[in-house]
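Open the model in your viewer and keep the selection panel at hand. The stops below follow one another by selection.

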Amino acid sequence: MIKAHHLPRSGLGLILLVAAHLRMTEAIATAAVPLPEGATLLFEDDFNRSVLEAYAAGNIDAEARKQMRWTSVKGSWETRHDESGNGYLCGSGTPGELLCDRAAGINFRLEYTTWSTNVGDRGAIMALPLPNFVYKVVYLFQIGGGNSRYNRIYREGKPLVAADTTMLPRAGVRQRVVIQKQDDLLEMFVDGQRLYAVKDPEYSRTGEEISGPMGVSVGLMAWNTDICFDDVKIYNLPGPRREVLAANAAVEFSLWRGFGTVRPEPPPDVTILGGGIENVPTLVNLPEPVGHVLTNDYCAAIGGAQD
């Protein structure tokens, strides 16, 4: 925090007044998008600290992870402070991707403030955790795509909507973004104005894919240098959320992702007799520095045996 004797009194007062005005503007923009009934706060971060507390995807040391809040998937991310000492997040990359290290429900609301003196994306992503520390981006909510020329929503890299050219980022101007997903309905707001309310036409497939026991990961995306974020909040919204696989879940066979190129055999025909789906922790040997890790391996339990 800057001490009073570092600035003329009038200068310090102006900084505090501007900071208070920015907070009030963010609160007004968020209030214009009321929380859905039954929303519960899962996570929030104001970045008022010197260290981001993020770990690179792949580091799963249990004790270290307890101290972390974010997973850095791509790009570089760090906390910075403005003249009045307020902390904020700064991301860079092509893209940079940062995911909250809290599993969200498949229905969620993400809020954040964003700005930059540079052009470029300052959007949000919903990703599905996969084996070997891979994250599959299912939905991309693009704010300022194409060097700040449009906004858009994508599913797995394909646009769900036409480009929107309203409420585009401007250099140094803060915007309050609200992203909501309620089943197949995807909504995007900037400064209280709804840009999109669109339904995913293939949600019967997408919804099944993201309804697994791992939950989904929600986070931020930056495309360029010095893209800034602050005051992040993530809510779980009411809706279906399966914490474990049901006993009648469809049986699938995973593909071994090892160090060779062995051609997989076709999966056998399996009939489950009075069994179900069991989670059997499996030890996997990964290259250093990761080493041995336990991973989830869902098997069909058949009369007490596993296939």
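Select strand β5 (residues 108-115) and β10: the two run antiparallel and are joined by seven bridges. Strands here are DSSP runs of E of at least two residues, numbered from the N terminus, and two strands count as paired if DSSP finds at least two bridges between them. Within this pair, Arg 109 has Gln 180 of β10 as its bridge partner.

This is a predicted model, in which local features need pLDDT of at least 70 and side-chain atom pairs count only at pLDDT 80 or more, while totals for chains, interfaces and linings use all residues. Residues are numbered from 1 along each chain as its sequence is written, and side-chain values use heavy atoms, with hydrogens and water left out.

Stay on β10. Seven of its eight residues are buried, where buried means under 20% relative accessible area, exposed over 50% and partly exposed in between (1.4 Å probe, protein chains only).

Strand β10 (residues 175-182) pairs with β11 in the antiparallel sense over six bridges. Ile 179 is bridged to Met 188 in β11, and Lys 181 stands opposite Leu 186. The two strands form a hairpin with two residues between them, and Asp 183 in the turn has a positive phi of about 55°. Five of the six residues of β11 are buried, so this strand is largely enclosed by the rest of the structure.

Met 188 stands opposite Tyr 196 of β12. This hairpin also has two residues between its strands, and Asp 191 in the turn has a positive phi of about 50°.

**The cores**

Now select Leu 110, Tyr 112, Phe 141 and Ile 153. Of the 41 residues in the largest nonpolar core, these touch the most other members. Such a core is a set of buried Ala, Val, Leu, Ile, Met, Phe, Trp, Tyr and Cys residues joined through side-chain atoms within 4.5 Å. Strand β13 (residues 217-236) gives the most to this core, with seven residues. Apart from it lies another core of six residues, including Leu 99 and Tyr 154.

**The cysteines**

Which cysteine sulfur is closest to that of Cys 228? The sulfur of Cys 90 is, at 4.3 Å, too far for a bond. Cys 228 is buried, with a relative accessible area of 7%. The structure holds zero disulfides (pairs of cysteine sulfur atoms within 2.5 Å).

Definitions and conventions
Helices (H or I, at least four residues) and strands (E, at least two) are DSSP runs, numbered from the N terminus.
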